[in-house]
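This report is for a reader who is new to the structure. Please look over the sequence and the model, then read on.

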Amino acid sequence: MTRPAYLRIADDLRRQIADGRLVPGDRVPSRYKLAGEHGVSDRVAVEAVRLLVSEGYVVSRSGSGTYVRRRPQVRRLTSAWYRANGRAGSPFRADMEAQGHEGTWLSGSETDKASPDVAERLRIPVGEPVMVTRYTFFAGDQPVMLSTSWEPLDLTWGTPVMMPEEGPQAGAGVVARMRAIGRDVAQATEVVTARPVLADEAERLRAPMGSVVMVIRRTYTGDRPVETADIVVPADRYELSYTVPVE
């Protein structure tokens with residue numbers, strides 16, 4: 001099946017941006033020029049450009065034209081995320097400091113019942129009480145990622161770490177918090193996928209609708225899962241870096 005013409009034009013412009021033939025700040029060819037080059041109507045050319053606007057590749061300026069968007073600085077998310085190993089500090093803050101940025105976050109926690117997906121990941125019955133914490137992480141004043149975490153309340157209820165951002169372990173990583181109540185974390189398992197950003201995520205991340213986010217489904221496990229989380233990372237702001245030991 002032949003792809004619609006506006007998608008083919010959008011593909012060509014994306015390729016020019018990826019190849020560096022169109023760089024941030026460059027003016028995108030006008031709809032008249034695009035229509036002529038591709039043998040389509042002005043309306044089709046406009047649809048192609050609108051698609052790139054929605055995806056965050058370009059920005060339109062009234063009375064001026066459409067320009068390649070200046071991308072946010074790309075930061076690296078590394079294995080430092082897991083360097084908590086019992087210390088009191090936040091692995092996110094340590095990771096940002098290592099890259100020369102101030103790492104901060106906003107959060108809110110509430111109790112809820114485990115959905116079928118969360119229950120499967122935590123190996124608990126559906127409907128069991130969990131503590132849900134939603135985070136917005138910042139590098140300086142720029143939101144760089146979101147996270148929603150779930151912890152089984154049968155593990156933490158009545159302990160000093162029941163509220164992840166309150167008490168003596170406030171702001172510490174999962175490994176340090178769980179160790180404080182006698183739970184050792186042996187591993188972190190991740191599943192990484194990608195999808196278009198959701199409306200509420202776009203608002204919190206100040207990202208254009210249509211942009212792509214990576215979703216890291218991460219679960220910390222000791223003798224049982226102690227926390228699972230969905231980490232939402234804008235693909236144009238972060239690259240993931242892993243070091244895998246080879247035996």
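**Arg121 and its partners**

Arg121 has a relative accessible area of 11% and is therefore buried. The model described here is a predicted one. Salt bridges with shared partners join Arg121, Asp117, Arg217 and Asp230 into one network.

**Asp117 and Arg217**

The side chains of Asp117 and Arg217 also meet in a salt bridge, with an N to O distance of 3.3 Å. This pair links distant parts of the chain, since Asp117 sits in helix H5 (residues 116–122) and Arg217 in strand S8, 100 residues apart.

Are these two residues buried or partly exposed? Asp117 has 32% relative accessibility, so Asp117 counts as partly exposed. Arg217, with a relative accessible area of 29%, is partly exposed.

**Thr219 in strand S8**

Strand S8 covers residues 212–221 and includes Thr219. Thr219 has a relative accessible area of 12%, which means that this residue is buried; the cut-off for buried is under 20%.

How far apart are the C-alpha atoms of Thr219 and Arg121? They are separated by 7.3 Å, although the two residues are 98 residues apart along the chain.

**A salt bridge within helix H1**

The structure holds 14 salt bridges. Among them is one between the side chains of Arg14 and Asp11, at 2.5 Å from N to O. Both residues are in helix H1, and because they are three residues apart there, about one helical turn separates them.

The two partners fall into separate classes of accessibility. Arg14 is buried, with a relative accessible area of 17%, whereas Asp11 is partly exposed, with a relative accessible area of 23%. The class of each follows from the cut-off of 20%, because a residue under this value counts as buried.

Helix H1 spans residues 5–19 and helix H3 spans residues 42–55. The two pack with their axes 8 Å apart, at an angle of about 50°. H1 and H3 are therefore oblique to each other, and the crossing in which H1 passes H3 is right-handed.

Helix H2 (residues 31–38) also meets H3: their axes come within 8 Å and cross at roughly 110°. What does this angle make of the pair H2 and H3? H2 and H3 are therefore roughly perpendicular to each other, because angles of 65 to 115 degrees are classed in this way. H2 passes H3 in a right-handed crossing.

Val192 is placed in strand S7, which runs over residues 187–196. With 40% relative accessibility, Val192 counts as partly exposed.

Key. Residues numbered from 1 in each chain as written. Predicted model: local features only at pLDDT ≥ 70, side-chain atom pairs only at ≥ 80, totals over all residues. Heavy atoms only, no water. Helix = DSSP H or I, 4+ residues; strand = E, 2+ residues; numbered from the N terminus. Buried < 20%, exposed > 50% of the residue type's maximum accessible area, 1.4 Å probe, protein only. Axes fitted to C-alpha atoms, helices over the stretch in contact; angles between N-to-C directions. Parallel < 35°, antiparallel > 145°, perpendicular 65-115°, else oblique. Left-handed = near helix turned anticlockwise from the far one by under 90°. Salt bridge = Lys/Arg side-chain N within 4 Å of Asp/Glu carboxyl O.
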